Amino acid sequence: MTLDQDSLRAHFCHALSEMYKAEVPLYGDLVDLVRQADAKALQTIQQQHGNTTTPINPDEILPARNRVERHGAIRLGTARELSTIRRMFAVMGMVPVGYYDLSVAGFPMHATAFRPRTHEALARHPFRVFTTVLRMELLSERTRALAERALAQREIFTPRLMQLIDLAETNGTLSGAERDEFIAEGLETFRWHSRATVTLEEYRVLKAEHPLVADIVSFPSCHINHLTPRTIDIDLVQRMMRERGMPAKERIEGPPRRVNPILLRQTSFKALEETVYFRDAGDEYVRGSHTARFGEVEQRGFALTRKGRQLYDRILARVNREAAGLEPVEYEKTLKRCFEEFPDDLTQLQAQGLAFFCYRVTPHASKRDYQGVESVSLAQLLMDKVLDYEPITYEDFLPLSAGGIFNSNLANASQSKQLIMEADTDLDGFQRMLGAPVMDEFCLYEQIQQDSLESCRQQLGVGLIADSDIISE
């Protein structure tokens with residue numbers, strides 16, 4: 001019997017969320033707030049359609065994945081940690097998708113996202129973990145030596161977890177008891193520890209270099225630094241967070257509010273100051289503090305083609321030039337004005353090849369009309385209402401948005417900022433640390449789109465659906 005990766009992933013994500021609720025109670029409050037916001041947003045939609053009496057239960061209306069959906073974020077220090085976490089996530093059907101160079105946002109790190117690969121697995125449970133690893137070459141010599149020494153002395157994976165990973169790789173499955181063990185042992189990799197592995201003086205050196213370097217190097221685990229529920233109305237969540245006194249960040253990261261949402265919008269409550277104990281010169285523990293863990297919310301939109309992403313990046317670059325130094329309200333005005341260039345109409349997004357779509361044969365389509373036809377254009381099938389389409393959800397991340405979230409939770413700037421900002425992208429180096437290639441997210445979305453067209457072709461019985469009018473480059 002093969003391992004049910006979707007079920008294992010779902011159970012692991014639930015267990016991780018429960019652990020994080022216990023560690024950061026405000027995260028539990030945030031999950032409850034998101035559910036209330038979704039119910040309120042759905043109620044507003046119902047009222048717009050004339051229904052003002054029926055109570056709303058988001059669980060009965062939204063897709064099942066919306067309730068359980070979480071993404072987490074971890075920070076690693078070494079190649080061994082990265083390659084081992086890859087093996088651990090692979091047991092749960094999660095693979096590295098996308099490469100993110102965070103030096104563009106001022107961080108001495110690069111990243112990937114471990115997530116399910118297929119449309120079906122994502123629908124069953126879309127747990128994903130944004131995973132960064134330290135770029136030692138972007139640290140000053142003194143800090144690099146300290147970081148390497150501290151990281152060489154820690155082990156973030158339990159011996160039993162390593163045995164279970166080996167077992168799953170060898171046999172292709174785990175027994176029920178072994179799956180329970182895998183979850184319990186895996187949680188230890190992400191658990192918070194209030195005792196640091198460095199002295200207070202060493203912590204101060206690391207933090208002066210960059211606060212995230214201190215977070216990566218100073219502790220015995222790669223603790224989850226945030227978990228993220230998904231909402232259907234992030235603007236409402238942001239407003240409700242402020243109304244309830246949560247320390248919400250100043251603005252939402254990502255594109256502006258749209259009728260047809262694209263990519264990813266994110267906000268968070270700011271990281272909490274937590275008590276940490278550091279060793280002193282006499283090897284006794286002294287009290288200090290650390291700020292790293294927070295709660296985040298996301299609203300996911302449509303996956304963009306390369307052409308769509310190029311347009312998005314071009315507009316965002318203009319926003320950042322024009323809005324540099326502006327207060328959040330003025331920034332939002334500039335963002336909204338500049339993004340008027342990006343079509344906010346589903347038909348235009350499809351016709352211009354700006355977003356990816358799943359295609360399906362409409363219920364009233366006459367399939368007999370196409371049996372044996374050698375070739376028919378996609379545009380013709382859409383015009384004749386033989387095919388319909390729906391946007392594919394964006395399952396990945398935005399480095400500048402992640403940077404904006406991280407920056408809002410940092411107490412001070414980096415001493416090595418110039419070195420970081422001048423760094424080159426290093427996908428090859430990242431893949432060597434990972435021990436495997438990173439999947440291209442555009443290729444995955446393209447495959448989902450093409451698979452849907454192939455299914456339509458087979459149902460209609462045509463030789464070819466010519467989709468040259470889809471511009472995805």
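1. Leu-346 touches Asn-260, Phe-302, Phe-357, Tyr-389 and Pro-391, leaving aside residues up to four places away in sequence; contact here means heavy atoms within 4.5 Å. Leu-346 lies in helix H15 (residues 346-351). Helices (H or I, at least four residues) and strands (E, at least two) are DSSP runs, numbered from the N terminus. Leu-346 is partly exposed, with a relative accessible area of 27%. The bands are under 20% relative accessible area for buried, over 50% for exposed, and partly exposed in between (1.4 Å probe, protein chains only). Between Leu-346 and Ile-448 there are 18 Å in space, C-alpha to C-alpha, for a separation of 102 residues in sequence.

2. On provenance: this is a predicted model, in which local features need pLDDT of at least 70 and side-chain atom pairs count only at pLDDT 80 or more, while totals for chains, interfaces and linings use all residues. Residues are numbered from 1 along each chain as its sequence is written, and side-chain values use heavy atoms, with hydrogens and water left out.

3. Thr-347 also has its place in helix H15. Its relative accessible area is 45%, so Thr-347 is partly exposed. The C-alpha atoms of Thr-347 and Val-286 are separated by 62 Å, and the two residues are 61 apart along the chain.

4. Overall dimensions. The protein chain has 20 helices and 14 strands. Its radius of gyration is 24 Å, close to the 23 Å that the globule rule gives for 473 residues, so the chain is as compact as a globular protein of that length. The radius is taken over C-alpha atoms, and the rule is 2.2 Å times the number of residues to the power 0.38. Along the principal axes, the C-alpha atoms fill a box of roughly 85 × 55 × 50 Å. Buried residues make up 55% of the 473 residues. Among contacts between residues at least 6 apart in sequence, 75% join residues at least 24 apart.

5. Helices H1 and H2. The axes of H1 (residues 5-23) and H2 (residues 25-48) come within 4 Å and cross at roughly 120 degrees. That makes H1 oblique to H2. Axes are lines fitted to C-alpha atoms, for helices over the stretch in contact, and angles run from 0 to 180 degrees between N-to-C directions. Angles under 35 degrees count as roughly parallel, over 145 as roughly antiparallel, 65 to 115 as roughly perpendicular and the rest as oblique. On the H1 side the contact is made by Ser-17, Tyr-20, Lys-21, Ala-22 and Glu-23, and on the H2 side by Pro-25, Tyr-27 and Gly-28. These residues divide into four nonpolar, two polar and two charged. In that count Ala, Val, Leu, Ile, Met, Phe, Trp, Tyr, Cys and Pro are nonpolar, Asp, Glu, Lys and Arg are charged, and the others, Gly among them, are polar.

6. Helices H5 and H19. The axes of H5 (residues 79-91) and H19 (residues 427-434) come within 7 Å, with a crossing angle of roughly 70 degrees. The two helices are therefore roughly perpendicular to each other. From H5, Ala-79, Leu-82, Ser-83 and Arg-86 meet Phe-430, Met-433 and Leu-434 of H19. The residues of this contact divide into five nonpolar, one polar and one charged.

7. The loop between helix H11 (211-217) and strand S6 (226-229) holds His-223. His-223 is buried, with a relative accessible area of 3%. A polar contact of 2.8 Å joins the side chains of His-223 and Asp-215. Such a contact is a pair of N or O atoms within 3.5 Å; within protein, one must be able to donate a hydrogen and the other to accept it, and residues adjacent in sequence count only if both atoms are side-chain atoms. Not counting residues up to four places away in sequence, His-223 touches residues including Ala-73, Ile-74, Trp-192 and Arg-293.

8. Asn-225 is found in the loop between H11 and S6. Asn-225 is buried, with a relative accessible area of 0%. Its side chain makes a polar contact with the side chain of His-226 (2.8 Å).

9. Backbone points to check. Most residues other than glycine have a negative phi. Phi of Leu-263 is positive, near 55 degrees; Leu-263 is in the loop between helix H12 (234-243) and strand S7 (264-269) and is buried, with a relative accessible area of 1%. Lys-385 has a positive phi of about 60 degrees. Lys-385 sits in the loop between helix H16 (378-383) and strand S13 (387-391) and is exposed, with a relative accessible area of 56%.
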